[in-house]
Amino acid sequence: MGEKADAGAGLVRLALSAAGGAERWSRARTVRGRLRMRGPTWDRVGQPGILDGVGVEVDLRQQRTVFTGFTGPARRGVYTPDRVTVERADGTAMLTRDQPRKAYPVFGANARWDALHALHFAGYGLWNYLTAPFLLTLPGVGTEELDPVEVNGERWRRLRVTFPESVVTHSSPQTWYFGEDGTQRRLDYAPHALGGLPAAHLTEAHRSFSGLVFPTHRYVLPRPPGGPLGSTPVITVDLDDLTVDFDDVTAPPVQEEE
């Protein structure tokens, strides 16, 4: 078991190095950008377009995500694990839900979400995506390297990741895939909010922003047990204009990718 744990830690170190380095991640405070989240899943739950073209800000020190322009131009949605709130620009709460993880309807053909369901799902999702791979270093997160797989002629290394209850995420465990250079390529999970349906989440178009590397295009495919992946994305996630704030505002400049 010790050998497995060491192997997992080594892959985490490689992933952190490929994403900008552990030291730089440790000084990052917030990530902001523009989000376009689309796909037939949003139509299915009755919330089409609710996250298409909103601003997003993730706090790297606590599980908190803010979407500007959420449900209206002068509104914002605020996610924390225990509460989600739709606010006016002055901070006045319009809609609030405590313990949002427990509030989803039973998922099925007729399941419909309200804006607060969508806010919780996207809030914890974007927090997970924009903190990766630094997320893997949080207390209680377990990692174990699995056998690699070959995908389109490339060798992808795999990591089994288990999360403590304190980290809100799609499911635990998950399987993360990395290229030989340490860049994240895929993660497999089964979202609680969507009835535990297995999904493969592909990550592409990696770009450097302020020295940290993020996939700027993501898409989710159905993952039938024992069968090939679906071919039509059920959710797509595109991120633009990312900026990172650091504790040390004099952090050395880096050359951004074109």
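What follows is a tour of the pockets, the cavities and the ring pairs, in that order. Keep in mind that this is a predicted model.

**Pockets and cavities**

Let's begin with the empty spaces. Rolling a probe the size of a water molecule over the atoms shows where empty space is left.

| Space | Volume | Lining residues by class |
|---|---|---|
| Largest pocket | about 310 Å³ | 17 nonpolar, three polar, one charged |
| Second largest pocket | about 190 Å³ | five nonpolar, five polar, two charged |
| Largest cavity | about 90 Å³ | eight nonpolar, four polar, no charged |
| Second largest cavity | about 70 Å³ | six nonpolar, five polar, one charged |

Start with the largest pocket, at about 310 Å³. It has 21 lining residues, and those closest to its centre are Thr41, Leu194, Ala199, Val220 and Val234. Which elements give two or more residues to this lining? They are the helices α3 (40-44) and α4 (115-131), plus the strands β11 (199-209), β12 (212-222) and β13 (235-246).

The second largest pocket has a lining that includes Arg101, Glu165, His170 and His192. Phe163, Pro164, Val167 and Val168 are also among the residues that line this pocket.

Now for the cavities. How many of 30 Å³ or more turn up in a search of the whole structure? The search finds two. Around the largest cavity you'll find, among others, Ala15, Ala18, Ala19, Phe178 and His206. Both α1 (2-18) and β12 supply at least two residues to that lining.

For the second largest cavity, the lining includes Asn128, Tyr129, Trp176, Tyr189 and Arg218. At least two residues come from each of α4, β9 (174-178) and β10 (184-189). Which of the elements gives the most? That is β10, with three residues.

**Aromatic rings**

On to the rings. A pair of aromatic rings is described by the distance of the centres and the angle of the planes. This structure holds eleven aromatic pairs, and a couple of them deserve a visit.

Take Trp25 and Phe214: their ring centres are 5.6 Å apart and the planes meet at 65°, so this pair counts as edge-to-face. Since Trp25 belongs to helix α2 (residues 22-27) and Phe214 to strand β12, the pair ties together parts that are 189 residues apart in sequence.

Another edge-to-face pair is Trp42 with Phe121, at 5.8 Å centre to centre and 75° between the planes. Trp42 is in helix α3 and Phe121 in helix α4, so here the linked parts are 79 residues apart in sequence. Why does Trp42 count as buried? Its relative accessibility is 2%, and buried means under 20%. Phe121 counts as buried too, because its relative accessibility is 6%.

Trp42 and Phe121 also belong to a cluster: ring pairs link them with Tyr104, Trp113 and Tyr124.

Finally, there's a ring with a charge over it: Arg24 lies over the face of Phe246, at 5.0 Å from the ring centre.

Methods: Residues are numbered from 1 along each chain as its sequence is written. This is a predicted model: local features need pLDDT of at least 70, side-chain atom pairs count only at pLDDT 80 or more; totals for chains, interfaces and linings use all residues. Side-chain values use heavy atoms; hydrogens and water are left out. On a 1 Å grid over the protein atoms alone, a cavity is a set of points where a 1.4 Å probe fits but cannot get out, and a pocket is an open set with protein on both sides within 12 Å along at least five of seven lines; lining residues have an atom within 4 Å of a point. Grid points are joined across faces, edges and corners, and a volume is the space filled by probe spheres set on the points. Helices (H or I, at least four residues) and strands (E, at least two) are DSSP runs, numbered from the N terminus. Ala, Val, Leu, Ile, Met, Phe, Trp, Tyr, Cys and Pro count as nonpolar, Asp, Glu, Lys and Arg as charged, and the others, Gly among them, as polar. Rings of Phe, Tyr and Trp (its six-membered ring) pair if their centres lie within 6.5 Å; planes under 30 degrees apart count as stacked, over 60 as edge-to-face and the rest as tilted. Buried means under 20% relative accessible area, exposed over 50%, partly exposed in between (1.4 Å probe, protein chains only). A charge sits over a ring if NZ of Lys or CZ of Arg is within 6 Å of the ring centre and within 35 degrees of the ring normal.
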